[in-house]
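Q: Walk me through one part of this model up close, please. Take it slowly and tell me what the terms mean as you go.

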2 protein chains.
Amino acid sequence: MTAVHDAEQILLAHLGNFGETTVPLADALGHILAEPLIADRDFPPFNRVAMDGFAVSFDAVQAGQTRFEVAYTQFAGAPESTLPNPSLAVEVMTGAVLPKGATAVVRIEDVAIQTNGSKKIIDIKAMPEAEWQHIHLQGYDRKQGGCIVKQGVRLTPAEIAVAASIGKSTLRVYHRPKIAVVSTGNELVPIDQTPLSHQIRQSNAYTLQAFLAEMNIASDRFHMLDDRNEMESLLARLLNDYDVILTTGSVSAGSVDMLPSVLAHLSVRQLIHKIEQRPGKPMWFGRKGLKFVFALPGNPVSIVVCFLKYVRSWLLRSMGVEPEMQLYASLESDIIFKPKLTYFLPVKLSSKRNGSLEAQPLKGHGSGDFANLVLCDGFLELPPEKSIFYSDEPYPVLLYRALR
Amino acid sequence: MTAVHDAEQILLAHLGNFGETTVPLADALGHILAEPLIADRDFPPFNRVAMDGFAVSFDAVQAGQTRFEVAYTQFAGAPESTLPNPSLAVEVMTGAVLPKGATAVVRIEDVAIQTNGSKKIIDIKAMPEAEWQHIHLQGYDRKQGGCIVKQGVRLTPAEIAVAASIGKSTLRVYHRPKIAVVSTGNELVPIDQTPLSHQIRQSNAYTLQAFLAEMNIASDRFHMLDDRNEMESLLARLLNDYDVILTTGSVSAGSVDMLPSVLAHLSVRQLIHKIEQRPGKPMWFGRKGLKFVFALPGNPVSIVVCFLKYVRSWLLRSMGVEPEMQLYASLESDIIFKPKLTYFLPVKLSSKRNGSLEAQPLKGHGSGDFANLVLCDGFLELPPEKSIFYSDEPYPVLLYRALR
């Protein structure tokens with residue numbers, strides 16, 4: 001039996017490496033960046049007008065001038081111009097290049113405008129408070145050559161915007177592993193069949209495929225009966241064709257739970273078998289060279305916990321992602337759990353108006369109860385050293401549903 | 001000018017309706033369910049063995065019997081059997097049907113096993129504490145006909161697992177709208193071109209497309225110059241071909257900001273123009289029959305705030321999704337903001353070990369500063385009635401990045 005923390009360390013010591021690839025920017029969302037994003041020019045690339053209004057010389061305003069004749073209009077997208085002399089103003093649009101010689105922008109709301117034939121005169125009602133008011137100065141956000149986004153970041157709309165701005169129409173990203181999801185169990189029938197009274201449908205493989213799809217990882221689905229020969233021949237083939245194999249079931253204490261011995265026979269080296277936790281205790285992990293096998297238990301809730309706690313973070317770390325922020329939440333009621341095991345307590349989360357995250361324990365029906373998982377936002381990780389967990393105590397959360 | 005809350009009410013009064021469609025289960029992740037998921041049988045469908053071990057009569061154990069001869073083995077996937085008489089035990093595997101007549105399961109760890117030829121005898125070391133121990137009773141999770149997942153729920157792995165279990169190989173979901181994303185501005189060049197010194201690349205449309213892709217909504221991208229005829233002809237065509245149009249720029253106070261008048265000319269009825277907020281004040285919203293236009297400002301940060309606050313929630317509500325949980329976070333330092341506007345303060349979030357979510361204000365460089373958005377987790381919504389916001393006060397969070 002391996003402690004939860006030790007299991008995490010073993011996984012970190014055996015990360016995968018699936019290489020790199022190049023994707024078009026339009027398909028890059030969710031991928032993990034394998035190159036830094038570098039500013040190809042200053043950002044902003046010029047002194048950028050930040051408000052519709054009038055560009056003036058701040059010195060002239062400071063000297064007491066409040067009335068300006070407007071020399072011309074500077075539109076966004078027009079090349080840089082020059083203020084003909086400091087007693088004149090230039091009408092400017094948001095996004096325009098600030099005319100040379102102008103050192104402040106007065107908003108259109110802050111002037112009175114008179115037109116007299118083709119002449120336009122402004123009277124400033126609210127004087128600029130400082131030089132460079134309403135001007136986004138060249139290079140203020142980033143200097144040319146500066147790193148804007150580091151390698152190893154998962155691409156969200158924020159990074160996509162940066163990539164577009166620096167002209168990256170393709171991006172170097174980490175390759176996703178080829179994954180096979182394999183369910184086991186004679187009691188399982190395909191989902192489009194009507195099960196006999198002693199059978200159930202194969203939902204576990206769909207759960208895992210959906211988890212992987214959330215990470216933008218495609219996978220293939222297989223099923224094998226509780227039969228040593230069938231297991232050996234299918235797994236031998238999959239070890240050849242895939243980077244990672246995720247199985248469900250056949251790793252527990254029963255006499256038909258033959259997967260660990262089948263994997264041993266196929267020279268997959270066992271690194272973890274049984275973790276001091278509930279649910280998910282029977283979990284098995286091993287490798288054969290650069291191929292990795294996670295053999296998860298067969299219970300739906302165990303699969304969710306093991307995937308989120310171990311498989312997901314292993315995949316992210318293997319693709320170069322830094323660990324995500326650990327969320328903490330406070331228990332809403334006392335919980336007693338006596339076994340010396342880490343207990344992953346299913347909870348419903350709520351964010352209180354005082355800024356605290358609270359976790360309401362869900363009345364669990366054991367690790368077979370997938371239907372209750374539809375109410376579950378995540379699992380509170382309760383450490384094995386204690387057996388009474390009091391209301392208001394905070395514990396780490398393993399998020400089942402992404403919060404938005 | 002419309003208050004933030006009033007703008008939300010106007011949007012709710014003008015939701016879209018994009019119809020329904022059917023998708024295969026394997027493609028259903030992220031879609032929104034347009035039918036409830038109903039239990040097609042009891043869950044579990046039979047008295048299900050929850051631990052590898054031995055099924056016995058609890059009455060026999062209570063009467064003092066501790067030694068049992070094992071009659072046979074009941075495997076998962078085998079039809080229901082019957083305990084030949086209450087003084088015998090049946091070896092059972094997790095997931096098996098509990099034999100008729102058995103009323104408790106003793107774990108394999110809790111017995112001593114002797115084999116004598118073909119005879120197997122167990123001595124129970126830890127007596128079952130209650131009837132039905134380690135048995136997941138038929139219908140305990142859900143009765144046949146019961147609703148497991150309601151219509152209007154976004155499909156995560158949890159709901160995919162349920163759908164698989166009840167044999168739904170296809171699902172009825174809400175149709176996604178056809179969306180056009182249109183940038184405006186003469187200063188913008190395509191991302192694969194090298195901009196001149198007064199030009200910048202078209203990043204805003206990529207940001208919006210990435211936001212939509214996160215919601216599994218595909219979109220098409222267009223650009224139009226600051227030219228009334230070009231705008232009118234493109235928008236007339238898009239109003240015909242798309243359900244929703246998102247534009248960026250040309251809605252502010254400048255003389256080239258002609259989009260509102262172009263939309264009026266195309267008979268798009270204005271419902272919102274200018275919201276009492278920063279950034280994002282110039283936002284415009286209108287409809288023409290069943291077609292909807294969100295005209296967002298041109299600044300990168302304004303676009304992010306307006307999309308998250310208005311467009312995203314409008315799309316979700318239009319597709320039948322219930323409002324998401326509102327997150328709150330506490331300010332980490334004092335903030336002064338004097339204008340009588342709702343202020344969306346960019347923040348970095350951290351979850352403290354006491355279970356509270358804290359928001360560290362990011363030094364903003366104004367609404368043009370997209371590069372700082374890579375550090376931003378979300379925006380704290382600071383109400384217009386106050387101008388000093390003290391450290392430790394909690395406020396609602398608009399999440400930019402999904403938390404996991």
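A: The expected span of a helix is 1.5 Å times one less than its number of residues; helices (H or I, at least four residues) and strands (E, at least two) are DSSP runs, numbered from the N terminus. This is a predicted model, where local features need pLDDT of at least 70, side-chain atom pairs count only at pLDDT 80 or more, and totals for chains, interfaces and linings use all residues. Residues are numbered from 1 along each chain as its sequence is written, with chains lettered from A and ligands numbered from 1 in the order in which they are written.

Start with helix H7 of chain A, residues 300-318. Its 19 residues should span 27 Å at 1.5 Å a residue, and the end C-alpha atoms sit 25 Å apart, which agrees. Still, H7(A) has a kink of about 45° centred on A:Phe307 (the bend at a residue is the angle between axes fitted to the seven residues ending there and the seven starting there). Of the 19 residues in H7(A), 16 are buried, so the helix is largely enclosed by the rest of the structure. Buried here means 20 or more other C-beta atoms within 10 Å of a residue's own, with C-beta atoms placed from the backbone. Just after H7(A) comes A:Gly320, with a positive phi of about 85°.

Now for the main stop, strand E26 of chain A, residues 378-382. Here 4 of the 5 residues are buried, so E26(A) is largely enclosed by the rest of the structure. It pairs (at least two DSSP bridges between the strands) with strand E24 of chain A, residues 342-351, running antiparallel over 5 bridges. Along that pairing, A:Gly378 in E26(A) stands opposite A:Val347. E26(A) also pairs with strand E28 of chain A, residues 394-399, again antiparallel, through 3 bridges. There, A:Phe379 has A:Leu398 in E28(A) as its bridge partner.

Leaving out residues up to four places away in sequence, A:Leu380 touches A:Ala329, A:Leu331, A:Leu345, A:Val347, A:Ala359, A:Tyr395 and A:Val397 (contact means C-beta atoms, placed from the backbone, within 7 Å). A:Leu380 is also among the residues with the most contacts inside the largest nonpolar core, which has 186 residues; A:Ile160, B:Ile160, B:Ile245 and B:Leu380 are the others. Such a core is a set of buried Ala, Val, Leu, Ile, Met, Phe, Trp, Tyr and Cys residues joined through C-beta atoms within 7 Å. In soluble globular proteins, nonpolar side chains tend to be buried together.

Note on methods
A residue is buried if 20 or more other C-beta atoms lie within 10 Å of its own, exposed if 12 or fewer, and partly exposed in between; C-beta atoms are placed from the backbone. Two residues are in contact if their C-beta atoms, placed from the backbone, lie within 7 Å.
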